[in-house]
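The following paragraphs lead the reader through selected features of one structure. Please keep the sequence and the model in view while reading.

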Amino acid sequence: FKNLDRYLNYYSKNLNTEKNEIVALINVNRDKDYYEDLQTVDLSEKETMLVNKYHALSSDYTPENIVKASSSYSYDNNSLNDDAYTAFKELADAAKNDGYTILILSSYRTYERQDELWNDRKNTYGIRKADQYAARAGSSEHETGYAIDVADFNDKSDDFSKTESYKWMLKNSYKYGFILRYPEGKEDITGYS
């Protein structure tokens with residue numbers, strides 16, 4: 001009920017939108033501009049904390065239990081939360097047993113590193129493109145230590161979504177506590193291409 005006025009306001013401007021879609025969009029703040037009304041992340045939520053273009057971590061946030069990933073499971077210099085790493089190793093081992101080599105491509109980033117990445121994109125492509133492909137500092141799930149980007153070691157095309165490993169991940173990642181966070185076709189909800 002706390003969002004009722006926002007639902008009705010959105011509906012009055014979008015009469016052809018299904019009501020359940022309106023509720024979903026409003027519940028994830030899509031009636032507001034990104035970074036407009038940033039809420040502070042509830043750190044008590046730990047691994048279920050919501051970090052995105054509406055919920056930001058402070059610049060001094062440092063996650064707990066960050067460990068360095070082995071080169072057996074990761075490209076160089078990746079670190080992540082110990083629990084996430086343990087789960088990923090189980091996932092990667094199961095994938096390997098099925099004939100797939102899935103590695104961590106990118107993982108934990110400090111606030112400062114995320115700021116560098118976003119600013120590099122902004123300086124190269126402009127703000128709009130930077131916001132489509134990278135989070136601003138404080139708003140990246142990578143800063144929690146729980147998010148990872150993965151790659152297929154044998155993928156020469158550099159398009160993970162076209163690999164058999166990707167199909168394997170779609171079917172199995174949930175068993176290890178992982179989800180596909182930014183699915184194709186949901187850009188209007190996630191804010192990312």
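Helices are DSSP runs of H or I with at least four residues, and they are numbered from the N terminus. The model under discussion is predicted. Its helix α1 covers residues 4-13, and L4 belongs to this helix.

L4 also takes part in a surface feature. Together with F1 and L8, L4 forms a nonpolar patch whose accessible area is about 400 Å² in total. L4 itself counts as partly exposed because its relative accessible area is 39%, which lies between the limits of 20% for buried and 50% for exposed.

Helix α4, residues 111-125, contains 15 residues and spans 21 Å from its first C-alpha to its last, close to the 21 Å expected at 1.5 Å a residue. Just after α4 comes G126, with a positive phi of about 95°.

N29 has a phi near 70° and sits in the loop between α2 (19-27) and β1 (39-40). D158, with a positive phi of about 60°, is placed in the loop between β6 (149-152) and α6. Is each of these residues buried or exposed? N29 counts as buried because its relative accessibility is 11%, whereas D158, at 71%, counts as exposed.

Definitions and conventions:
Residues numbered from 1 in each chain as written. Predicted model: local features only at pLDDT ≥ 70, side-chain atom pairs only at ≥ 80, totals over all residues. Heavy atoms only, no water. Patch = residues over 30% accessible without salt bridge, like charges linked within 9 Å, V, L, I, M, F, W, Y side chains within 5 Å. Areas by Shrake-Rupley, 256 points an atom, 1.4 Å probe, with all protein chains shown as cover. Salt bridge = Lys/Arg side-chain N within 4 Å of Asp/Glu carboxyl O. Helix = DSSP H or I, 4+ residues; strand = E, 2+ residues; numbered from the N terminus. Buried < 20%, exposed > 50% of the residue type's maximum accessible area, 1.4 Å probe, protein only. Expected span 1.5 Å × (residues − 1).
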